[in-house]
Amino acid sequence: SKQLFTEQKYKEAIPELTKFIATYPKHSLAADARDLLGLARIDQQITGATPDYTEGLSLLRQFASSRRE
């Protein structure tokens, strides 16, 4: 999953990270996976042929808010 994120393959990374978090919510890497998932969702929206900056900003706000908790 992390490799897919690093390679900017967000479409593939998102379901893999989601599955890891659901399967291993208490794993020592679950927090890192949640961070990567949030970043992948943001990056997926703001990169590529047709970026959606409005949705990317919305996801960024959600991500930042969740990190404050």
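A nonpolar core is taken here as a set of buried Ala, Val, Leu, Ile, Met, Phe, Trp, Tyr and Cys residues joined through side-chain atoms within 4.5 Å. Buried means under 20% relative accessible area, exposed over 50%, and partly exposed in between (1.4 Å probe, protein chains only). The model is predicted: local features need pLDDT of at least 70, side-chain atom pairs count only at pLDDT 80 or more, and totals for chains, interfaces and linings use all residues. Residues are numbered from 1 along each chain as its sequence is written, and side-chain values use heavy atoms, with hydrogens and water left out.

**Core**

The largest nonpolar core has 10 residues: Phe5, Tyr10, Ala13, Ile14, Leu17, Ile21, Ala33, Leu36, Leu37 and Ala40. At least two of its residues come from each of helix 2 (10-23) and helix 3 (30-46), and helix 2 supplies the largest share, 5 residues. Helices (H or I, at least four residues) are DSSP runs numbered from the N terminus. With neighbours within four places in sequence set aside, the contacts of Ala13 (heavy atoms within 4.5 Å) are Ser1, Leu4 and Phe5.

**Pockets**

On a 1 Å grid over the protein atoms alone, a pocket is an open set of points where a 1.4 Å probe fits, with protein on both sides within 12 Å along at least five of seven lines; lining residues have an atom within 4 Å of a point. Grid points are joined across faces, edges and corners, and a volume is the space filled by probe spheres set on the points.

| Pocket | Volume |
|---|---|
| Largest pocket | about 290 Å³ |
| Second largest pocket | about 160 Å³ |

The largest pocket is lined by 13 residues, of which Arg34, Gly38, Gln62, Phe63 and Ser66 are the closest to its centre. Helix 3 and helix 4 (53-68) are the elements that give two or more residues to this lining, and helix 3 gives the most, 7 residues. By class, the lining has 5 nonpolar, 3 polar and 5 charged residues; Ala, Val, Leu, Ile, Met, Phe, Trp, Tyr, Cys and Pro count as nonpolar, Asp, Glu, Lys and Arg as charged, and the others, Gly among them, as polar.

Ser1, Lys2, Leu17, Phe20, Leu29, Asp32, Ala33 and Leu36 line the second largest pocket. Here the elements giving two or more residues are helix 2 and helix 3, with the largest share, 3 residues, from helix 3.

**Lys19**

Lys19 lies in helix 2 and counts as exposed because its relative accessibility is 57%. Its C-alpha atom is separated by 9.8 Å from that of Ser1, 18 residues apart along the chain.
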